[in-house]
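Let's walk through this model and look at how its parts sit against each other. Have the chain open as you read.

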Amino acid sequence: MPGFEIFSDEERKEVMDVLETGVLFRYNFENNRKGHWKAASFEKDLCNKLNVGYCHLCSSGTAALNIALATCGIGAGDEVIVPPFTFLATIEAVLMAGATPVFAEIDETLCLDPADIEKKISEKTRAVLVVHMCGSMAKIDAIHQVCEKNHVLLIEDACQSLGSTYKGKALGSFGSMGCFSFDYVKTITCGEGGGVITNDEQLYTAAHAFADHGHDHLGADRGQDKHPILGYNFRISELNAAVGLAQLRKLDLILEKQRQSKNIYKQILSSCSAVTFRDIPDTDGDSSTFLSILLPDENKTRTALKLFNDSEISGAIYWYDNNWHYIRQWEHLKTLKWPARLTLTALDATCDYQNVSVPLSDAIMARTLSFQIKLSETETDVTRHANQLKQVLDQL
Ligand SMILES: *Cc1c(COP(=O)(O)O)cnc(C)c1O
C-alpha cells in the first residue's frame, strides 16, 4: 500500500525546488518562485489521472472531509449516513460539521450496503458518506441510485482508495465530492495532505475558498482578494505538495505492483475451502492495497489467528478486535467524548451511540481478515507468505 516505501530522489528533487526558492506558500510570490507551483501542479495532474474537472489539495484527508461536508451544505441538524467500518476521521468530520452521524450496515464489500442505506434515510438525511475501504469499492452505482431516488447527496471518502475505479470511472467521482488522504501511510503520501475532487465548478469554487478563509483567489495579490464566504485554514504547504507531486507520478507503478502481488495471493488462496474473498464489484478496478478474506464464522477466524500466531506468520489484521477501524472499539464515540459541547448535543439530535445496532456488520467483521499488500515484497516473498497462509487456512 504505502508510497513511503518507494521514497527516493524524485521526491527529494521536487522538495529541493521549493527549498531553493524559499517559497513555501502555494499562493502568490510569483517573482520568487521560479515557476514552481507544486500544489497547483499536483491538482492538475490528479484531475488528469482521475479524469475529473476539479481538484483542491488541502492539509489532510480529514480536512478534505470537512471541506466536502461544508461546501455541500451539510451542517447543524443534518443527518449523514456513515458506515461502522472506517477510519474514525469520517465520523469526526460529520461531528465537526455539526451534523449527526447515522450508522447503516455494511455488506460483504466491507462498505455501506445500499439496501440498508435506504432503510436509514429519514427526513433529516442530507447526505450519504460512503467510505471505499481498504483499496476497493462499495456498490457505488446502486448507492448512487438510492441517493438520487431519495434526493440526498452522495459524498465519497476515498481516502484509502486512490486509483481505484468502478467500470473505468475513478472512485471519488460518482458523488458530489470525493475525498482523498495523502497522509504518511496512504497509497501515495505528501507527508500530510488531502484533496477533494468534483465535476461541479461551483462546489470547487466554494471548496477552494472555504479551505482558505473564504479567499476568492482571483487576483495576483492576496491582500486584495474578496471573501464571498467565511472559511478556515485547511491549506497545504508547497513542501508537502512537492512530495505528493513526485509520488503521484509513481501511482501507476504502485497500482501495477500491488495488483500483481494480490493476484498471486488470490491464486494461491483460492483453493482453500474455508476462504471466500471480499466482494469486489469490479475486480479490474481494485487498487489492491489490501487482500481481505472472509472465513466461515467467528470461531474459525479466531482459530486461524491463533494458528498464525503460533507459527509466527505475521500480517493478519483482525479489525473486529484490535484495530481502530470498527465501531466496537469506539468507546469515545459511544460516550461522545468531545472536548466541548457538540452541536448535535445542543440540538438534542444525538443518536443512542452506546447502543448502535449493526448485527450484519458485526457478523461480517467478525469473520474478516485483511492483509496489507506491501510494495517492498518481491514475487518470491509474496508466494512464500501466501503459501504459509494457505497451510494454516487449509487446517480450518
Ligand atoms: C486516512 C483516512 C482519513 C483521514 O485522512 P488523514 O489525511 O489522515 O486526515 C479519512 N478516512 C479514511 C477512510 C482514511 O483511511
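Which domains does the domain assignment of the protein give? There are two entries: domain 1 (3-251) and domain 2 (252-393), with bounds that come from an automatic or database domain assignment. Keep in mind that this is a predicted model, where local features need pLDDT of at least 70 and side-chain atom pairs count only at pLDDT 80 or more, while totals for chains, interfaces and linings use all residues. Residues are numbered from 1 along each chain as its sequence is written, and side-chain values use heavy atoms, with hydrogens and water left out.

Now for how the domains meet. Taken over C-alpha atoms, the centres of domain 1 and domain 2 are 23 Å apart. On the domain 1 side, 50 residues are in contact with 48 residues of domain 2 (contact means heavy atoms within 4.5 Å). Together they bury about 3900 Å², and carbon and sulfur atoms give 65% of that; buried area here is the accessible area (1.4 Å probe) that two parts lose on being put together, summed over both. Of the area that domain 1 buries against domain 2, Leu-95, Glu-105 and Glu-108 supply 15%, more than any other three residues.

What about charges? Two salt bridges are counted between domain 1 and domain 2, a salt bridge being a side-chain nitrogen of Lys or Arg within 4 Å of a carboxyl oxygen of Asp or Glu. Lys-49 forms a salt bridge with Asp-252, and their closest N and O atoms are 3.2 Å apart.
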